[in-house]
Amino acid sequence: MSVSEGPAAMSVSEYAATVNESNKAVELNLMPSKLGRDPKHGAHMRAFWASTVSFFLAFVGWFALAPVAIDVAQSISICENQVYPPALYPKRTAFMK
């Protein structure tokens, strides 16, 4: 692309999704066929699916591992009193064991 050509000079058919003059997608087609024939063609849908999968993995990582904390504490032989000393946390309720 030469200096005189900018993003507005690109043809609309270069992308799998319909784009506006700023090359931002204006449609959301979730079909895998819209992933594109080359790296530039399906850039919008690859970005959408990459962010969707990343959010899902972050959500699972954040909420699925919390219940495992009690088992991890037992496996490394620490007590809840070692993690939360009763003198510093007098109103903390203990886990039922």
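**The model as a whole**

This is a predicted model, in which local features need pLDDT of at least 70 and side-chain atom pairs count only at pLDDT 80 or more, while totals for chains, interfaces and linings use all residues. Residues are numbered from 1 along each chain as its sequence is written, and side-chain values use heavy atoms, with hydrogens and water left out.

The chain holds 3 helices and 0 strands, so its elements read α-α-α from the N terminus on; helices (H or I, at least four residues) and strands (E, at least two) are DSSP runs, numbered from the N terminus. The average pLDDT, the predictor's confidence in each residue from 0 to 100, is 74 for the chain, and 69% of the residues score at least 70. Among the elements, helix 1 has the highest mean pLDDT (88) and helix 3 the lowest (71). Where pLDDT is low, the predicted coordinates should not be read in detail.

Of the 97 residues, 12% count as buried. Here buried means under 20% relative accessible area, exposed means over 50%, and partly exposed lies in between (1.4 Å probe, protein chains only). The chain exposes about 7800 Å², and carbon and sulfur atoms supply 67% of that area; accessible areas come from the Shrake-Rupley method with a 1.4 Å probe, and for residues only the protein chains shown count as cover. Taking contacts (heavy atoms within 4.5 Å) with a separation of 6 or more, 21% are between residues 24 or more positions apart.

**Before helix 1**

Back to L28, which is exposed, with a relative accessible area of 55%. Leaving aside neighbours within four places in sequence, L28 is in contact with M45 and F48. The C-alpha atoms of L28 and F48 are 9.1 Å apart, although 20 residues separate the two along the chain.

N23 also belongs to the segment before helix 1. N23 is buried, at 16% relative accessible area, and has a positive phi, near 60 degrees. Most residues other than glycine have a negative phi.

A search of the whole structure finds 3 aromatic pairs. Rings of Phe, Tyr and Trp (its six-membered ring) pair if their centres lie within 6.5 Å; planes under 30 degrees apart count as stacked, over 60 as edge-to-face and the rest as tilted. Two of these pairs are listed here.

| Pair | Centre to centre | Angle between planes | Type |
|---|---|---|---|
| F55 and F59 | 6.2 Å | 35 degrees | tilted |
| F59 and F63 | 4.8 Å | 50 degrees | tilted |

F55 and F59 both lie in helix 1 (residues 43–64), 4 residues apart, which is about one turn of the helix. F59 and F63 are likewise 4 residues apart in helix 1, about one helical turn. Ring pairs link F55, F59 and F63 into a cluster. F55 counts as exposed at 57% relative accessibility, and F59 is partly exposed at 44%.

**A nonpolar patch**

L65, V68, V72, I76, I78, V83, Y84, L88 and Y89 make a nonpolar surface patch of about 810 Å². Patches are made of residues with over 30% relative accessible area and no salt bridge; like charges are joined within 9 Å, and nonpolar side chains (Val, Leu, Ile, Met, Phe, Trp, Tyr) within 5 Å. A salt bridge is a side-chain nitrogen of Lys or Arg within 4 Å of a carboxyl oxygen of Asp or Glu. One of the patch members, V83, is found in helix 3 (residues 80–83) and is partly exposed, with a relative accessible area of 42%.
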